[in-house]
Amino acid sequence: MNRATDYLKIREILQRRRRDILHANLGAHRELTALKNSDRDPEYEENAQAELADYTLSSLMEAQRREIMLIDAALRRMDTGVFGECVDCGVDIPMDRLEALPFAIRCEEDATRHELETRGGHYATPSL
Ligand SMILES: [Zn+2]
């Protein structure tokens, strides 16, 4: 097995994951729409419950959107031939790390350093 073959395998995993998320997202979206359209008794407790369900589904979709972005970025990195290279030092990220974390853009050492540097600060979108 060489890295190119491994990358193809990871690409398939990413594309399958992307499809799964889109399907799940579509399901959640339908559920949300059904919830909003349902004619419910305007009692306080029911409204509160509907709002809670609404919030959960919305945040779920937000997390899914974020993952799609990470998948697309990883696929783009594959297309441009830089996938699997650490963005900081340029070494090939070990395959076992890529298999566990297909979105990884840094080697373990640089990822740890990056985490330490950004810890405590406000949440920032990972630079892709
Ligand atoms: Zn590195």
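Which protein donors hold the zinc ion? The views below take this up, starting with the whole chain.

**View 1. The fold of the predicted model.** This is a predicted model, in which local features need pLDDT of at least 70, side-chain atom pairs count only at pLDDT 80 or more, and totals for chains, interfaces and linings use all residues. Residues are numbered from 1 along each chain as its sequence is written, and side-chain values use heavy atoms, leaving out hydrogens and water. The protein has four helices and zero strands (DSSP runs: H or I of at least four residues for helices, E of at least two for strands, numbered from the N terminus). Its order along the sequence is α-α-α-α.

**View 2. The zinc site.** The protein donors of the zinc ion are Cys86 (SG), Cys89 (SG), Cys107 (SG) and Asp110 (OD). They lie 1.8 to 2.3 Å from the ion. Donors are N, O and S atoms within 2.8 Å of the metal (3.2 Å for Na, K and Ca); water is not among the atoms, so sites may look incomplete. The site is tetrahedral, with angles of 101 to 117° among its four donor atoms (for four donors, all angles must lie between 85 and 135 degrees).

View 3. The zinc donors follow the spacing C-x2-C-x17-C-x2-D. Cys86 and Cys107 link distant parts of the chain, 21 residues apart. Cys86 sits in the loop between helix 2 (44-79) and helix 3 (95-100). Cys107 sits in the loop between helix 3 and helix 4 (108-118). Both cysteines are buried (under 20% relative accessible area, with a 1.4 Å probe and protein chains only).

Key: Four donors count as tetrahedral if all angles lie between 85 and 135 degrees; four count as square planar and six as octahedral if opposite donors are over 155 degrees apart and all others between 65 and 115; anything else is irregular. Buried means under 20% relative accessible area, exposed over 50%, partly exposed in between (1.4 Å probe, protein chains only).
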